[in-house]
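I opened the model to look up a few items and note them here. The entries follow in the order I made them.

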Amino acid sequence: MNRILSFVFAPGFFSNEQVVNALWLGGVIAVVAGAVGVFTVLRGQSFAGHAMSDMGAAGAAGSLLAGGTAVTGFLSFSVIAGALVDLLGVRPRDRDVATGLVLTAVLGLGSLFLFFDTRVVGAPEMILFGSIFDSEPSLTPILSGLALLMLVLMLILYRPLVFSSLSAETAGARGVPVRLIGFIYMLLLAVSVGETALIVGSLLSTALLIGPASTALRLTSRIGRAIPLAALIGLLCTWLGILLAYDSYYWPPAGRGWPVSFFITGLVLALYLASRMWPQGAPTRALAD
Amino acid sequence: MSSSATGWINWLVSPGIFTYSFMQNAWLSGTIIAIVCGVAGFFTMLRGSAFAAHALPKIGFAGAAGAVWLSVNPLWGLSVFAVGGALGIGWLGKGARRDVIIGLILAFGLGTGALFLSFNNEYAAGAIALLFGQIVGVSTGEVIDTAVLAALCLALLVVLYRPLLFASVAPDNAEARGVSLRSIDIWFLVVIGIATAVTVPIVGALLSFSLLVGPAAAASYLTHRPSHAMMLSVAIALLSLWIGVALAYDTGWPVGFFVATLVVIAYAVARITAQWRVSRLSRVAPAE
Amino acid sequence: MTSQTFSTSPVLTVSHVGMKFLNRSVLEDIELTIGAGEFIGLIGPNGAGKSTLLRILLGLQKPTRGTVEILGSPVRRGNRYIGYVPQKIHLDPATPLSGRDLAGLGLDGHRYGIAFFNRKRHAQIDEALEMVDARHLADAPVGRLSGGEQQRLLIAQALLTHPQILLLDEPLSNLDIKSAREVVRLVARIQREHGVTVILVAHDMNPLIDVMDRIIYLAQGRAAIGPVDVVVQSDVLSTLYGYPVEVIRTRNRILVVGGQDSGIEDFSVTGGEHCHGTEVLST
């Protein structure tokens, strides 16, 4: 038994401070991203969600270049970008082009920052691919508090958010301030993406935002169940990914570990593909007709 | 040439910009990719495929990182992953939300890219260069590869032109007339994949999508004929790329930054011009 | 289910067509025979199976059982003798297409390769635009046209193959009353002048009463066909719906009122949401 355990959890897994911190932070962001992601998928804003992580990366690169910290850059740029995308693209078709062009502008600047950052060896890789094992322990309480705040906000907004995400027109007619809710949601998304990108890397936050949520929405047609399910799936993928990455230090070819991001994105995609085998329930169909 | 003229030219552009052979290669492949992206961008804009155009270069980047690890030509890695990603999106896109599929495949592609980067023993400068693009790295052989892939891309677009236009504008009618929306979609994604593969080495994986999104969106505000829009889009892409390459040569900064900035400026100018025209028309109209 | 004899052979025969999705029956044993040059209104509430029936007629969906014959041969996709006008198309205001480009897609949009300018093609498109009184829209940017104008361009697009049957999917649902009346008049004129069989889908029968020869009433996946006065009767519709409904005729308007809360169909009210995504959910 012990041998199996030590085979699964390589020695020192739970006593390593970095690992414990990574498990905690990874868990926190997976839960928030899963919950916010359900609405991102429902509202068809995956591109915006992904774009924010890229723009957050631009901010982080700029902030590092100016001697600041990555956190401030990630959060401030993704929030500004979220507001811009929301303001510029009202209609869905517009939104695609608007998101693309805002992303072009910000990422253009970001690539310049990142380029200058390359003089700091590894900075672009850190920003793009994340560094869950090296995150600053002093940030943990701040990031956890922010995550809690967002979950509370979502709980408060829950019903109008569901209503306006499922059918904006009806919600508007019933007096829900659809535009305002959309804007607040966009900011929520921005903060959540910024935080996720900081921890697991801008290039991978998209996986945690979209993957668990779309998997959950395949398995249940009730939003109230999809949200905890998505959070759970996200948590599972993240922890399993961290475990595998820790174990992989003994794997070929380089002998210095495979990146966490590879495992997390792989698990997320695998679970999503598996969920597509699940038969789509009849009640969903009946509604769609 | 008189010496004063040479002085002027040197003031305008740095010496060697047209004479170094690597710069000639950069001009040549830059011109080729601007034409391909201008035309393919027209359909990207029409179909609202900006996310796919953004995702495929990054997926291609993962392939290039793998190619660097295996020491094969990065262009092969780029092409295989970009086209493979396109097929994956097209194949999984049935019966699911398109943006979700793109996001997931993009994330997994990048995860794989991170894996390949970590396999590289030293700091993978070659792969990182592909994120930002570079004008000095284009060999004559690569110009030929670029030209061949670009010709393939344009040939596909010529063949697909009418059903692609039909399916993009009025999908229901096109389907009723016997156009297979699914195969048109997959072929179009393959076109984007190839266009991406040739664009990334110069413009970089982070920003090559700007050439697929910006020029066509700008052109759509200036004309309402498809052929004119395509020509304008190519013209804007060419100008952005040429100026971008020249500025990158002068400053040593990444080409992607200049191209993206120029494309955004072109879009803003086109949109403002269109708005100004509309408001002028509506001011004139009541007087008639 | 009324039958009728025709002087000419029928252009459209639907026999014993049934359709099931995941054990849910959408269409049940549909029997229809439609003659050349008829104007048929395909009427029914949302979710009655109108769109499914239309997709079957277009050959885009295979019925679970039964057969469909069009002009004497089995239904197939891309039949040029059927002109199809979709509910609406979503065009961005900046779409770089002119009215002529949009209509012209109906002529050769499905063919591979590029269309080069040619005088004959140009004249054909203009002729179709003429038929729908949209000659002046030939060079206008389509994205900036009104819903009614776009609708006319789409009808021109469908007419370019000289179809014998014209299928229109809810052409009136996004139009104001005046433009709706114009579209009905236009379609009726095309039917008369060119002998085209028209099948027009709508959920309100009232705008069509003066022009339609017969009505297909679809409810709960079942259909009744015949003249309006015969089909739209309380007993006929009650049999279709499977519960009592009342037909009320007042001042040239016909209202169908359901006997159950869930089934109220007041046709003076339009509405209802069509969900297009596959991942649509309940709360």
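How many helices and strands are there in chain C? I find 7 helices and 12 strands in chain C, counting DSSP runs (H or I of at least four residues for helices, E of at least two for strands), numbered from the N terminus.

The model is predicted, so to note its limits: local features need pLDDT of at least 70, side-chain atom pairs count only at pLDDT 80 or more, and totals for chains, interfaces and linings use all residues. Residues are numbered from 1 along each chain, chains are lettered from A in the order written, and side-chain values use heavy atoms, without hydrogens and water.

Chain C, burial. I looked up the 283 residues of chain C and found 53% buried (under 20% relative accessible area, 1.4 Å probe, protein chains only). Helix α1(C), residues 50-57, has 6 of its 8 residues buried, so it is largely enclosed by the rest of the structure. The buried ones are Lys50(C), Thr52(C), Leu53(C), Leu54(C), Ile56(C) and Leu57(C). Just after α1(C), I noted a positive phi of about 80° at Gly59(C).

Chain B, helix packing. I checked α3(B), residues 50-69, against α9(B), residues 181-203: they pack at about 50°, with axes 9 Å apart. From α3(B), Ala52(B), Ala53(B), Leu56(B) and Pro57(B) make the contact; from α9(B), Leu189(B), Ile192(B), Gly193(B), Thr196(B) and Val200(B) do (heavy atoms within 4.5 Å).

Technical notes
Axes are lines fitted to C-alpha atoms, for helices over the stretch in contact, and angles run from 0 to 180 degrees between N-to-C directions. Buried means under 20% relative accessible area, exposed over 50%, partly exposed in between (1.4 Å probe, protein chains only).
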